[in-house]
Amino acid sequence: MINQIKRSIDDGIQLVEQFSENSTELKKIEVIAQQMVSCFQNGNKIIICGNGGSACDAMHFAEEFTGRYRKHRKALPVIPLTEASHLTCVGNDYGFDYVFSRGVEAFGLSGDTFIGISTSGNSENVIKAFYKAKELNLFTVALLGKDGGNLKGVADIEWVVSAKTTDRIQEVHMVILHTLIECVERLLFPQNY
């Protein structure tokens with residue numbers, strides 16, 4: 001069992017190392033962090049969504065901004081589309097494919113940023129949310145996995161984590177999300193670092 005545990009940990013480390021050695025992927029973090037800073041400075045917000053574990057990642061990302069990440073600073077507006085009564089209402093009245101696009105329609109304004117997470121790139125509700133975000137003129141960011149699925153090429157900027165399993169994809173997604181938060185804090189609140 002110890003050998004399998006070590007292999008699992010090593011697999012995760014290897015994927016993160018591959019990501020960290022890809023200057024194109026790292027540059028995307030810089031570009032999106034600057035986009036997010038502009039978004040906040042202009043009085044706009046970020047909307048984020050995903051299913052299952054990716055929904056948890058979306059909530060985690062949002063609470064780091066509305067609460068606290070590393071240091072005390074002003075709360076920043078990030079909305080995860082995970083509120084249970086919204087999801088069940090829209091799921092019941094319109095169908096599960098519309099739970100995120102209705103949220104984008106309700107909260108999204110031109111100048112906002114939309115982040116969609118889908119480890120397969122094929123989640124119909126995330127796809128519909130992207131098209132609604134583009135219709136409303138939001139800047140769009142995709143965190144995808146495997147080959148990118150049907151969402152590949154849809155967002156303004158995307159990451160496609162080419163791992164075989166969802167758990168490993170989510171681990172790299174969380175590294176990206178945490179690094180974005182840190183970069184935004186460093187740019188907006190340099191006195192804290």
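Contact here means heavy atoms within 4.5 Å.

## Basis of the model

The structure is a predicted model, in which local features need pLDDT of at least 70 and side-chain atom pairs count only at pLDDT 80 or more, while totals for chains, interfaces and linings use all residues. Residues are numbered from 1 along each chain as its sequence is written, and side-chain values use heavy atoms, with hydrogens and water left out.

Helices (H or I, at least four residues) and strands (E, at least two) are DSSP runs, numbered from the N terminus. Axes are lines fitted to C-alpha atoms, for helices over the stretch in contact, and angles run from 0 to 180 degrees between N-to-C directions.

An open sheet is formed by 5 strands in the order 2-1-3-4-5, with parallel pairing; two strands pair if DSSP finds at least two bridges between them. Strand 2 (78-80) and strand 5 (157-161) each have a single partner strand and stand at the edges, so one side of each lacks a neighbour in the sheet. From one strand to the next, the twist averages 15°.

Strand 3 (residues 113-118) is joined to strand 4 (residues 139-145) by 6 bridges, and the two run parallel. Within this pairing, glycine 116 stands opposite alanine 142 of strand 4. Strand 4 also pairs with strand 5 in the parallel sense, over 5 bridges, and glycine 145 has valine 161 of strand 5 as its bridge partner. Buried means under 20% relative accessible area, exposed over 50%, and partly exposed in between (1.4 Å probe, protein chains only).

## Helices on the sheet

Helix 5 lies across strand 1 (46-50), strand 2 and strand 3, and runs at about 170° to strand 1. Helix 7 also packs on the sheet, where it touches strand 1, strand 3, strand 4 and strand 5; its direction makes about 150° with that of strand 4.

Serine 101 belongs to helix 5. With a relative accessible area of 6%, serine 101 is buried. Beyond its neighbours within four places in sequence, serine 101 is in contact with Asn125, Lys128, Ala129 and Lys132.

## Helix pairs

Helix 4 (residues 84-93) packs against helix 5 (residues 99-107) at an angle of about 115°, their axes being 9 Å apart. Helix 4 is therefore roughly perpendicular to helix 5; angles of 65 to 115 degrees count as roughly perpendicular, under 35 as roughly parallel, over 145 as roughly antiparallel and the rest as oblique. His86, Leu87, Val90 and Gly91 of helix 4 make the contact with Val99, Phe100, Arg102 and Gly103 of helix 5. These residues comprise 4 nonpolar, 3 polar and 1 charged. Ala, Val, Leu, Ile, Met, Phe, Trp, Tyr, Cys and Pro count as nonpolar, Asp, Glu, Lys and Arg as charged, and the others, Gly among them, as polar.

The axes of helix 3 (residues 53-66) and helix 7 (residues 166-188) come within 11 Å and cross at roughly 15°, and these two helices are therefore roughly parallel to each other. On the helix 3 side, the meeting residues are Gly53, Ser54, Asp57, His60, Phe61, Glu64 and Phe65; on the helix 7 side, they are Gln170, Met174, Leu177, His178, Ile181 and Val184. The contact divides into 6 nonpolar, 5 polar and 2 charged residues.
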